[in-house]
Amino acid sequence: MERYVAFDIGDKRIGVAISDPFNTYALPSETYFRKGFAADVAAIAKIAKDKGATTIVCGLPVNFDGSQSVQTVKAERFIEELKRATDIPVVCADERFTTMMAHETLISEGMSRQKRKNYVDALAAANILDGYLNAKNKKGD
């Protein structure tokens with residue numbers, strides 16, 4: 001059975017989301033607080049394995065016009081190491097607007113700025129995975 005795990009890779013935190021059993025929508029799961037590059041790659045590979053991922057979806061941060069940014073390069077470096085650290089296939093998905101949408105959702109729910117830090121990345125990962133699943137399901141893969 002297919003199971004997708006998505007990661008929103010940031011400098012300080014990595015948001016985690018998983019697909020529902022039918023792969024129709026994403027569920028925010030947790031926020032991983034970064035400790036160091038090698039430790040982070042190993043921890044993220046372990047999270048994907050522990051959650052039974054058959055595919056890992058990583059958000060790729062690009063500028064609004066689709067061009068690369070400093071964050072794109074950082075994320076690509078992390079993703080390349082993640083591919084080496086796991087035998088689970090890793091794919092990239094456009095993450096434009098996902099963090100902004102997550103912030104707007106949490107603000108609309110009246111969540112304090114401090115609490116949002118703990119949830120925004122997992123919600124952004126869920127937005128990334130939702131976009132990926134919607135595109136995949138439209139194609140009928």
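Lysine 46 and aspartate 50 are both exposed, where exposed means over 50% relative accessible area, buried means under 20%, and partly exposed lies in between, with a 1.4 Å probe and protein chains only. These two form a salt bridge, and their closest N and O atoms are 2.7 Å apart. By salt bridge I mean a side-chain nitrogen of Lys or Arg within 4 Å of a carboxyl oxygen of Asp or Glu. Lysine 46 and aspartate 50 sit 4 residues apart in helix H1 (residues 37-50), so about one helical turn separates them.

A quick word on the model. It is a predicted one, where local features need pLDDT of at least 70 and side-chain atom pairs count only at pLDDT 80 or more, while totals for chains, interfaces and linings use all residues. Residues are numbered from 1 along each chain as its sequence is written, and side-chain values use heavy atoms, leaving out hydrogens and water.

Lysine 83 pairs with glutamate 80, with 3.5 Å between the closest N and O atoms. Both are in helix H2 (residues 70-85), 3 residues apart, about one turn of the helix. Lysine 83 is partly exposed at 36% relative accessible area, and glutamate 80 is partly exposed at 39%.

Last, please look at arginine 13 and aspartate 121, whose side chains meet in a salt bridge (2.5 Å, N to O). Arginine 13 belongs to strand S2 (residues 13-19) and aspartate 121 to helix H4 (residues 113-139), so this pair ties together parts 108 residues apart in sequence. Helices (H or I, at least four residues) and strands (E, at least two) are DSSP runs, numbered from the N terminus. Are these two residues buried or exposed? Arginine 13 and aspartate 121 are both buried.
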